[in-house]
Amino acid sequence: MLYVFMYLFGAAVGILLALAAALAPGRMLPARWTFVVTAALMALVSFGCYLRFSALTGIGLGTANGEVLAWVGFWIYQPANAFMTPAMLIFAYTYTRRRLPHPAVIASLAAVGLLRLGLHATNPTSHLLSAGMSVHPTIAGHVTPLGWAELAVGYAIALAAIYVLCSAAWNGRTSGGRRQAVVFGLAAAVPLLGGLFSDVANPRVGFSPDLGIGLLWVLGVAFAVELFRYGFIDVLPSALASVVDDISEAVLVLNADRRVAEANHHARELFPDAAPGVPAGELLEDLGGTWLLSRDSADFEARVEGRSLLVQMSRLPRQAAPPRGWVVLVADITARKRVEHELAALNAQLEKRLAELQEARALSEIRRNELEVANVRLVELQDTKDRFLANVSHELRTPLNSVIGFSGVMLSGAAGDLTEEQERQLGMIKRSGEHLLSLINDILDLARIEAGRLRLESAEMDLAEVAADAVQRLRPQADEKGLALRTDGDAPVMVSADVTRVRQIALNLVGNAVKFTEAGSIAVRARSVDGHGVLEVVDTGPGIPPDRLEHIFDRFEQVGEHAGKPAGAGLGLSIARELARMLGGDIEVESEPGAGSTFRLVLPARV
């Protein structure tokens, strides 16, 4: 019964340890999962031994199914036993160095486990390990030389794991220090010696209960307690994994012997040789080494191999483990320095730009003040010009109207008969006066348009009536030249516009046609086209060259010259187009030299 209890107790302890490590809250070191695997394999070894012992003795599950129990126990025990010691070695390396071994080492240990498993699995038929033994423990046999070699390999791997754990703890690479090294050695050596004694002293017929298994699990409890107490799932390693490993700085924990006790992954990246036990003076030689470690604290920047480093160091309190050690924080601030330099350069550029903008703003303010003064002056000049034009127009219109009126009266014969020469001279006086009055009116209209003071009053009107009125008023001039001036069509064409300005445009267009047409006819028509009212003047005059069509509406540009008569100031068409656009319409022109011209006043039906 003692062996049954021992094996079941060992299996239970292994399962509980594996579950405790797997389900422990918070993050822990990489050794967490290698410990889970090792504990689980130990539990399977104990349970396999229990099944084989029950098959032999009839205790526990009994002997009714002895062959089945022996077979099941064999296939549980042998795979777990083959991989238990490699798993322990991987755990020892991971626990002491805070990282997994090289993949090639893991692969080699796995290959050893597979080889041992293969030898045990084929032994019932090949007898390579023990002659005459099978899965059933009662079959007689003795260990072969290869069997002794296989046992030696298993114990060698276990001893290697013990050495890694004890040496690391003794040299301060674990948080428990030398005390933990002593506990590791005692907890592991006693069961191994018991197992070795069982294998060496009892390789006889039958099945010998392995005392080493029981001792392994009894002292294994103490071994696990040390792991839990000194660094496996204790608060210190959990904080190291969850906080220290996640911060951006390199963290080195030095023991009292000025050797590396812990190094997070950033420290290992910055210092590739930062492994537990490495002298800190050699590792930090570029940062001051011995001088640095002689101080209780330090905070400075250093330049190493083209990188900017911020170094902060402080001593651990006396009650900390390891006692009176150091914590060194090293941050690579190269990028920050580069950004600070770039920001400083950018700030200098911004300050320069700001100064330039302020200077430009000051100049802009000066220019604005100058423009305000100039604008006030321009307004004054505009008012002066308007008053001048108003006064001049009044002073000129009054005598001109008198000249035009008196010459008209004299030409009508009301003052007596006139000779032919007198009539000719009076006619010239009357036409020149009318021409001068027209120029004055054009200049006044142009001034009002430029100043935005020309008022328009919209009203319903008929373009056909406007066309007829213009023809009637200009028919005497057309008759004098022998021109056929007519209107085509009398259908109403209704638009909404300023009547006075539309009549002014019509008189200008028809007057130009009469002025520049030497022979032929002039047709004036009003019609509706696509919702627009169109007043069209078609003449048989000399036409306009193509290179001058785009300039005929320019101010002071003359359409043509007329023999014996002044051609005007060149403002009529310009004013007419400005008025048409103010009314919401436009003036279009088509002309061909020698074939006459067509001018169209286009107005919307509603303005």
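This is a predicted model: local features need pLDDT of at least 70, side-chain atom pairs count only at pLDDT 80 or more; totals for chains, interfaces and linings use all residues.
The structure holds 18 salt bridges.

- Glu-301 lies in strand β5 (residues 297–304) and Lys-337 in helix α12 (residues 334–411), so the pair ties together parts that are 36 residues apart in sequence.
- Lys-337 is partly exposed, with a relative accessibility of 29%.

**A pair within helix α12**
- Arg-336 and Glu-340 form a salt bridge in which the closest N and O atoms are 3.5 Å apart.
- Both residues lie in helix α12, where they are four residues apart, about one turn of the helix.
- An α-helix has 3.6 residues a turn, so residues three or four places apart point the same way.
- Glu-340 is partly exposed at 38% relative accessible area, and Arg-336 is partly exposed at 40% relative accessibility.

- A salt bridge joins the side chains of Asp-488 and Arg-525, with an N to O distance of 3.1 Å.
- This pair links distant parts of the chain, since Asp-488 is in strand β9 (residues 484–488) and Arg-525 is in strand β11 (residues 521–529), 37 residues apart.
- Asp-488 has a relative accessible area of 24% and is partly exposed; Arg-525, at 23% relative accessibility, is also partly exposed.
- Asp-488 and Arg-525 belong to a network of salt bridges that also links Arg-486, Arg-527, Glu-536, Glu-590 and Arg-600.

**Helix α14**
- Helix α14 has 18 residues (residues 463–480), which at 1.5 Å a residue should span 26 Å; the end C-alpha atoms are 26 Å apart, in agreement with that expectation.
- At the start of the helix, a side-chain oxygen of Asp-462 comes to within 3.0 Å of the backbone nitrogen of Ala-464.
- A kink of about 50° lies at Leu-474, shortly before the proline Pro-476.
- Leu-474 is one of the buried residues of α14, which also include Leu-463, Val-466, Ala-470 and Ala-478.
- Just after α14, Gly-482 takes a positive phi of about 75°.

Definitions and conventions
Residues are numbered from 1 along each chain as its sequence is written. Side-chain values use heavy atoms; hydrogens and water are left out. Helices (H or I, at least four residues) and strands (E, at least two) are DSSP runs, numbered from the N terminus. The expected span of a helix is 1.5 Å times one less than its number of residues. The bend at a residue is the angle between axes fitted to the seven residues ending there and the seven starting there. Buried means under 20% relative accessible area, exposed over 50%, partly exposed in between (1.4 Å probe, protein chains only). A polar contact is a pair of N or O atoms within 3.5 Å; within protein, one must be able to donate a hydrogen and the other to accept it, and residues adjacent in sequence count only if both atoms are side-chain atoms. A salt bridge is a side-chain nitrogen of Lys or Arg within 4 Å of a carboxyl oxygen of Asp or Glu.
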